[in-house]
Amino acid sequence: MRVIQHVDPTGSAMVARVPSSGTAAIELGSQLVVEESQQAVFFRDGKALDTFGPGRHTLATMNLPLLGKILGIPFEGKSPFQVAVVFVSTKTFLDLKWGTKEPVAYRDKELSMVRLRAFGKFAVRINNAQQFVNEIVGTQGVYTTDGVEAYFKDVIVARLTDLLGENLDSIFDLPKLYDELAMGLKARVSEDFGKFGIDLVDLFLGAITPPEDVQKQIDERGGMEAVGDMNAYLKFKAAQAMGDAAKQSGGEAGGGVGAGLGVGMGAGMGMMLPQMMKEAMATGGGAGAPGGGQTSPPASPAASAPESAGAAAAAGAAVVTGGAAKFCHQCGGTLPDGANFCPGCGTKVAG
């Protein structure tokens with residue numbers, strides 16, 4: 001082997017071994033080419049001997065001090081020893097992803113127990129080639145970022161779970177704490193990377209979210225709070241539904257469904273009308289009386305029938321137009337002449 005060099009066309013190889021498996025005889029005087037973003041580690045008999053930085057190196061006993069001690073006097077310029085060269089990339093590997101495989105249980109002060117998902121990205125750089133190869137790579141021919149990503153994403157999730165439990169009271173506080181949580185998480189996992197000869201360059205929190213069903217419940221809760229007076233809102237929705245039912249029952253396309261709903265709503269309206277009329281009359285809501293005139297206040301249920309008739313006659317109200325005055329058998333109120341329903345309680349007038 002005269003020239004030893006490795007170029008990674010994929011950009012994802014962190015370590016590449018030459019030869020890819022086993023060892024090869026390397027002659028003294030061979031050229032070792034190391035790229036600017038690489039380091040080359042010499043291995044013999046399974047042990048790392050020397051590490052070369054960027055540049056072209058002629059392999060001799062002068063620049064292989066440790067190897068030279070082993071080789072001793074060259075055997076006619078040729079090495080009788082079998083060695084391997086491991087090229088380690090020292091560039092920064094970006095766009096590595098981490099995330100929870102399953103939602104993580106979290107005790108929220110406002111929502112009780114919720115399950116959270118989280119994901120993000122991180123970037124790493126190898127700072128100790130021999131340590132990284134010895135601790136993680138071993139004798140593999142090629143080691144890519146997939147291995148680092150697969151292991152450290154679980155480490156990050158474990159540290160994040162601990163961080164959230166100690167520093168977050170409610171998921172509603174997340175928007176203002178993303179940067180702080182990201183910095184705290186990076187500080188906690190940096191040591192985990194460092195013991196394998198790796199620098200954690202950056203770590204980002206993409207998002208921390210509850211599952212979709214919990215998000216819908218949060219949206220509903222927000223909608224309820226936005227409504228304000230829930231009682232008034234329910235009355236409004238009921239009135240709106242009755243209006244829609246009435247439209248359907250009047251249209252041809254509405255058919256049987258609209259008619260059936262209209263019948264039900266009609267029955268409900270029949271039960272509500274007496275109370276609505278009573279409330280309207282009690283609050284002077286009779287401004288829309290026929291003839292545009294102001295109607296008289298309703299007679300008090302406690303008032304006697306003769307008193308009511310007399311008061312009405314004194315006020316000039318046309319409640320009795322001849323003959324004996326009629327009174328509601330349910331509430332005792334005065335009945336206008338020819339009325340079919342009591343204006344006080346809505347009870348049907350007996351024929």
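User: How far is the sulfur of Cys331 from the closest cysteine sulfur, and in which residue is that one?
Analyst: In this predicted model, the closest cysteine sulfur to that of Cys331 belongs to Cys342 and is 3.5 Å away, which is too far for a bond. The cut-off for a disulfide is sulfur atoms within 2.5 Å.

User: Is Cys331 buried, partly exposed or exposed?
Analyst: Cys331 has a relative accessible area of 27%, so it counts as partly exposed.

User: Switching to the chain overall. How many helices and strands?
Analyst: There are eight helices and 15 strands. The chain has 351 residues, and 30% of them are buried.

User: What share of the contacts join residues at least 24 apart?
Analyst: It is 66%, taken among contacts between residues at least 6 apart in sequence.

User: Now α3 and α4. How close do the axes come, and at what angle do they cross?
Analyst: The axis of α3 (residues 145–167) comes within 9 Å of the axis of α4 (residues 178–194), and the two cross at roughly 135°. That angle is why α3 counts as oblique to α4.

User: Which hand is the crossing?
Analyst: Right-handed, as α3 passes α4.

User: Which residues make the contact?
Analyst: From α3, the list includes Phe152, Val155, Ile156, Arg159 and Leu160. From α4, it includes Leu181, Gly184, Leu185, Arg188 and Phe193.

User: And how many of each class?
Analyst: The contact of α3 with α4 has ten nonpolar, five charged and two polar residues.

User: What about Ser170, where is that?
Analyst: Ser170 sits in the loop between α3 and α4.

User: Buried or exposed?
Analyst: Ser170 has a relative accessible area of 2%, so it is buried.

User: Which residues does Ser170 touch?
Analyst: Leaving out residues up to four places away in sequence, Ser170 touches Tyr106, Asp108 and Glu110.

User: Is Arg107 buried or exposed?
Analyst: Arg107 is exposed, at 62% relative accessibility.

User: So which residues is Arg107 in contact with?
Analyst: Setting aside neighbours within four places in sequence, Arg107 contacts Ser112, Met113 and Asp169.

Terms used. Residues are numbered from 1 along each chain as its sequence is written. This is a predicted model: local features need pLDDT of at least 70, side-chain atom pairs count only at pLDDT 80 or more; totals for chains, interfaces and linings use all residues. Side-chain values use heavy atoms; hydrogens and water are left out. Axes are lines fitted to C-alpha atoms, for helices over the stretch in contact, and angles run from 0 to 180 degrees between N-to-C directions. Helices (H or I, at least four residues) and strands (E, at least two) are DSSP runs, numbered from the N terminus. Angles under 35 degrees count as roughly parallel, over 145 as roughly antiparallel, 65 to 115 as roughly perpendicular and the rest as oblique. A crossing is left-handed if the near helix is turned anticlockwise from the far one by less than a right angle, and right-handed if clockwise. Contact means heavy atoms within 4.5 Å. Ala, Val, Leu, Ile, Met, Phe, Trp, Tyr, Cys and Pro count as nonpolar, Asp, Glu, Lys and Arg as charged, and the others, Gly among them, as polar. Buried means under 20% relative accessible area, exposed over 50%, partly exposed in between (1.4 Å probe, protein chains only).
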